[in-house]
Amino acid sequence: MSLRRVVTFGTALVAASALLAGCAPAPEGGGGDDAAGCVRMVTNSGGLEDRSFNQSSWEGLQQAEDELGVEAEALVSTSETDLAPNVRQAVDSGCALVVTVGWELAEATLAESEANPDVSFAIVDESVDAENVKPVVFDTAQASYLAGYLAAGVSKTGVVATFGGGNQPPVTLFMDGFVDGVDRYNEVHGTQVRALGWNKQEQDGSFTGDFEDINKGKVLAEGFIDQRADVILPVAGQVGEGAAAAAIEHGSTSVIWVDSDGYETLPAEFRPVVLTSVLKNTQQAMVEIVGAVQDGTFSNEPYVGTLENGGVEIAPYHDLESLVDPGLQGEIEGLRQAIIAGELVVESPSAP
């Protein structure tokens, strides 16, 4: 069974075991055509099927398999103790490129990159300053600004909300853009839509403390719903599924997903409450980086996803498109073009 089939049909636990045990013997050495023909990816503790950046990064490497002929395998981290050993195992594979995902892997990535200067590294959603490490980061505040404006525009109660898995720059970047978008809607329309869960000035708000416990997300979302929030943006990986569950039970609340299109990646039962998603186009970044390693143009210059280069965006409204009238959609499109043109700058202390 191929690795891709294990990921598609196996449970998360089976997939993890298969991935860890099933890595093919590595090419010898750290260079040459054989090394350039393979890549190893290390997930953070959220796992491979996190409906977030682990999953989208892996999908990008699968795309690189199809388009560039590279052989990709993933090492799944199930706890913090797996992180450094998995990065070391990835390096020992002999592949020319090692991709690590998330801030949890920054320390191990830096250590292995310094010890292995002939190996190219890419780290997703985090910056590591080393000659052979390419940060893959996204200015998600730009897209979440549009999502915040949208949320304020469709809210019937005048209350929206956001929460995170942890108070970390890749998380709070979304939240900064979201509340600024709500503020912009209020400025334009003379309304007073409230955004619960985040104070941009104080850089503090509501967090679950992890990215895996779905029940924590549900409890927090229920608290917002009790305060009349009818649009919620969870920035918490799998924990966000709890917000979707609370929205389904409530019946008149919608959610905005992050990283991937939640309408496509969440269980189908949640589709009726997915208003949109703040997208990171991690897939295309992975293809570009693999190609650069193969043709010898790899550099440590950060890849920064923006609205202009298509690295970030908001997803279609799918089943909830009827909530977005043409006037509101026109305003959102105008904001998108203003951001791309540099006429509107979305600011955040967490911006890449």
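The structure is a predicted model. The chain has 352 residues, of which 56% count as buried. Its secondary structure comprises 13 helices and 14 strands.

**The chain as a whole**

- The accessible surface of the chain is about 14400 Å², and carbon and sulfur atoms contribute 48% of that area.

**The disulfide**

- A disulfide is a covalent bond between the sulfur atoms of two cysteines.
- The count for this chain is one disulfide.
- Cys38 and Cys95 form this disulfide, and their sulfur atoms lie 2.0 Å apart.
- Cys38 has a relative accessible area of 3% and is buried. Cys95 is buried as well, with a relative accessible area of 1%.

**Helix H7 against helix H8**

- Helix H7 (residues 140-154) packs with helix H8 (residues 169-189) at an angle of about 45 degrees, and their axes are 6 Å apart.
- This angle makes H7 oblique to H8.
- H7 and H8 cross in a right-handed manner.
- On the H7 side, the residues that make the contact include Ala141, Ser144, Tyr145, Gly148 and Ala152. On the H8 side, they include Phe174, Gly177, Phe178, Gly181 and Tyr185.

**Helix H7 against helix H13**

- H7 also packs with helix H13 (residues 326-341), at an angle of about 160 degrees and with the axes 10 Å apart.
- The two helices, H7 and H13, are therefore roughly antiparallel to each other.
- The crossing of H7 and H13 is right-handed.
- Residues of H7 in this contact include Gln142, Leu146, Tyr149, Leu150 and Val154. Those of H13 include Leu328, Glu331, Ile332, Leu335 and Ile339.

**Leu150 and Tyr317**

- Leu150 is located in helix H7. Its relative accessibility is 0%, so Leu150 counts as buried.
- When residues up to four places away in sequence are not counted, Leu150 touches Leu275, Thr276, Tyr317, Val324, Leu328 and Ile332.
- Leu150 and Glu331 are 181 residues apart in sequence, yet their C-alpha atoms are 9.2 Å apart in space.
- Tyr317 lies in the loop between strand E14 (312-314) and H13. With a relative accessible area of 10%, Tyr317 is buried.
- Beyond its neighbours within four places in sequence, Tyr317 is in contact with Leu150, Val274, Leu275, Thr276, Val324, Gln329 and Ile332.
- Val274 is 43 residues from Tyr317 along the chain, and the C-alpha atoms of these two residues are separated by 7.6 Å.

**Residues with a positive phi**

- Most residues other than glycine have a negative phi.
- Arg228 is not a glycine, but its phi is positive, at about 85 degrees. Arg228 occurs in the loop between helix H9 (214-226) and strand E10 (231-235).
- Asp259, another residue other than glycine, has a positive phi near 75 degrees. Asp259 lies in strand E11 (residues 254-259). It counts as buried, at 7% relative accessibility.

- Glu59 is part of helix H4 (residues 53-68).
- Is Glu59 buried, partly exposed or exposed? At 30% relative accessibility, Glu59 counts as partly exposed.
- Glu59 and Gln283 are 224 residues apart along the chain, and a distance of 6.1 Å separates their C-alpha atoms.

Notes. Residues are numbered from 1 along each chain as its sequence is written. This is a predicted model: local features need pLDDT of at least 70, side-chain atom pairs count only at pLDDT 80 or more; totals for chains, interfaces and linings use all residues. Side-chain values use heavy atoms; hydrogens and water are left out. Helices (H or I, at least four residues) and strands (E, at least two) are DSSP runs, numbered from the N terminus. Buried means under 20% relative accessible area, exposed over 50%, partly exposed in between (1.4 Å probe, protein chains only). Accessible areas come from the Shrake-Rupley method with a 1.4 Å probe; for residues, only the protein chains shown count as cover. A disulfide is a pair of cysteine sulfur atoms within 2.5 Å. Axes are lines fitted to C-alpha atoms, for helices over the stretch in contact, and angles run from 0 to 180 degrees between N-to-C directions. Angles under 35 degrees count as roughly parallel, over 145 as roughly antiparallel, 65 to 115 as roughly perpendicular and the rest as oblique. A crossing is left-handed if the near helix is turned anticlockwise from the far one by less than a right angle, and right-handed if clockwise. Contact means heavy atoms within 4.5 Å.
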